[in-house]
Amino acid sequence: MTTMTRSKAHADLLDHKRDTATLGSVAGLLGWDQETYMPGAAADARAAQSSMLAGLIHERSTSERLGALIAACESDEDLTSDAQTAAELREIRRSYDLATKLPGDLVREMAETGSKAQQVWKKAREGNDFAQFEPWLANMVDLARRKAACYGTPEGGEAYDALLEEYEPGATAREIEAVFTPLGERLSSFIQDVADNGTPPDEAPLNVKVPDTAQHAFGLEVLGAMGFDLDAGRLDITAHPFCSGFAPGDTRLTTRYRDERFTDALYGTMHEGGHGLYEQGLPKADKFGSPLADSISLGIHESQSRMWENLVGRSRQFWVWAKPIADTHFAGALDAFGVDDMTRAVNTAKPSFIRVEADEATYNLHVMLRFEIERALLRGDLEAADVPAAWNARFKELFGLDVPDDRRGCLQDVHWSFGLIGYFPTYTLGNLYAAQFWETILEEVPDLESKMERGAFGDLLAWLREKIHAHGKRYRAGELCEMITGKPLSADPLMRHLERRIRPAYGL
Ligand code: ZN
């Protein structure tokens with residue numbers, strides 16, 4: 001009898017989680033609509049709808065009943081002795097603790113200060129006036145410290161680790177530093193070497209004009225070949241592209257078009273498509289609401305998007321297949337260029353000031369700079385007032401360039417203004433995981449490169465489904481990496497990948 005009662009607790013727990021996830025999917029759909037088709041006049045009503053839902057979701061996620069169901073399951077050995085269920089309970093406990101450890105006052109203060117700080121940041125960036133933003137940055141750092149104190153610092157760790165729990169569960173600042181430091185040193189000298197000794201690729205193929213409709217048709221064809229199920233998803237247009245996988249059978253991608261640099265939209269679509277394939281590959285049909293149907297971390301999510309965007313999309317093999325398809329859509333715009341011209345042009349790597357415009361190689365230096373600065377802020381080794389000087393000095397070391405103004409320096413990103421501290425490293429973790437997975441994929445998927453030349457990506461997707469997507473949140477990111485590749489995360493695969501791609505593009 002007791003077993004029946006206990007398994008009832010597990011069934012009730014999963015029902016509770018599924019209902020909360022259903023509310024979350026409604027919130028997700030409202031959010032998607034707001035970014036795509038919502039008429040401007042609906043903004044106030046939408047804000048009321050979204051905040052009512054957020055309140056309901058928060059109430060359910062922190063309820064005593066949920067806590068009691070978790071505790072009942074945790075004391076049931078039949079459940080905890082099963083490795084998969086134990087992992088499910090571990091993750092449900094983790095998110096319950098994160099949700100309940102923050103006092104309501106602090107949550108409200110963070111939301112209010114964040115929304116004001118974001119307004120100030122906008123003006124400060126426009127006016128290139130760091131002094132205006134400085135007290136708000138100091139506020140946000142203070143709030144982040146208080147948040148970290150509520151979460152609690154792991155034994156031997158630092159406050160930054162507590163913040164990472166929201167984005168990259170189980171990762172620590174020290175581990176990240178151990179991979180980022182050698183990567184940064186090698187990248188800096190590699191980029192310098194390419195700049196000093198190589199011939200920059202001709203970017204003419206990127207500067208042809210292609211109408212939006214042709215780009216959209218081309219993007220849909222690429223997405224279809226990648227295996228993105230358009231009967232269970234959509235591709236729409238927004239100012240800031242994103243992917244939202246809110247419910248079983250419903251994964252929405254967005255992209256944006258300009259008539260120049262069609263590759264920005266192409267790679268944006270492939271990037272969001274990679275996120276979308278992960279969402280479609282999670283076992284939501286029968287496990288929606290359980291962590292076993294959730295993504296592992298932002299870093300692993302980003303590994304999926306970067307893999308399709310960069311490892312696949314910037315390869316010569318991809319262009320062998322994609323160039324003739326682009327030609328069918330682009331009415332001769334690319335006639336003057338061959339596969340090698342395309343491949344070289346999309347592998348340009350040169351230092352620049354703005355992170356979101358950076359190429360595949362230099363991008364990671366932008367991330368490292370932010371990681372170092374926010375960690376120093378959190379530790380109290382750096383004051384908000386000294387951020388511009390610290391930023392510019394480190395930028396010079398990493399990129400060899402003098403930052404002309406704060407707008408193109410420490411004021412460029414929105415993240416810190418709404419309290420996203422500990423988020424930046426997940427971008428580079430994504431690149432690192434993607435490159436490390438890729439080396440294993442090339443060993444385990446026979447003839448992948450020749451299949452890519454035919455646009456046959458099915459075996460690659462099947463590998464990702466089996467090794468990564470199907471597990472949901474069962475494993476931690478580092479654990480999954482060791483399981484799949486046999487090694488802990490390292491800077492080596494990403495460096496090898498970049499050298500192999502970028503040197504030939506520069507004739508080296
Ligand atoms: Zn992404």
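**How the two domains meet**

Between domain 1 and domain 2 there is 1 salt bridge, a term for a side-chain nitrogen of Lys or Arg within 4 Å of a carboxyl oxygen of Asp or Glu. Its partners are the side chains of Glu91 and Arg476, with 3.2 Å from N to O. The model is predicted, so local features need pLDDT of at least 70 and side-chain atom pairs count only at pLDDT 80 or more, while totals for chains, interfaces and linings use all residues. Residues are numbered from 1 along each chain as its sequence is written, and side-chain values use heavy atoms, leaving out hydrogens and water.

Domain 1 covers 3–126, and domain 2 is made of 173–357 + 425–505; these bounds come from an automatic or database domain assignment. The C-alpha centres of the two domains are 29 Å apart. Each domain brings 20 residues to the contact, where contact means heavy atoms within 4.5 Å.

How much area is buried between domain 1 and domain 2? The value is about 1700 Å², with 61% given by carbon and sulfur atoms. Buried area here is the accessible area (1.4 Å probe) that two parts lose on being put together, summed over both.

On the side of domain 1 that touches domain 2, α1 (2–36) and α5 (83–101) each supply at least two residues; helices are DSSP runs (H or I, at least four residues), numbered from the N terminus. The most comes from α1, with 11 residues.
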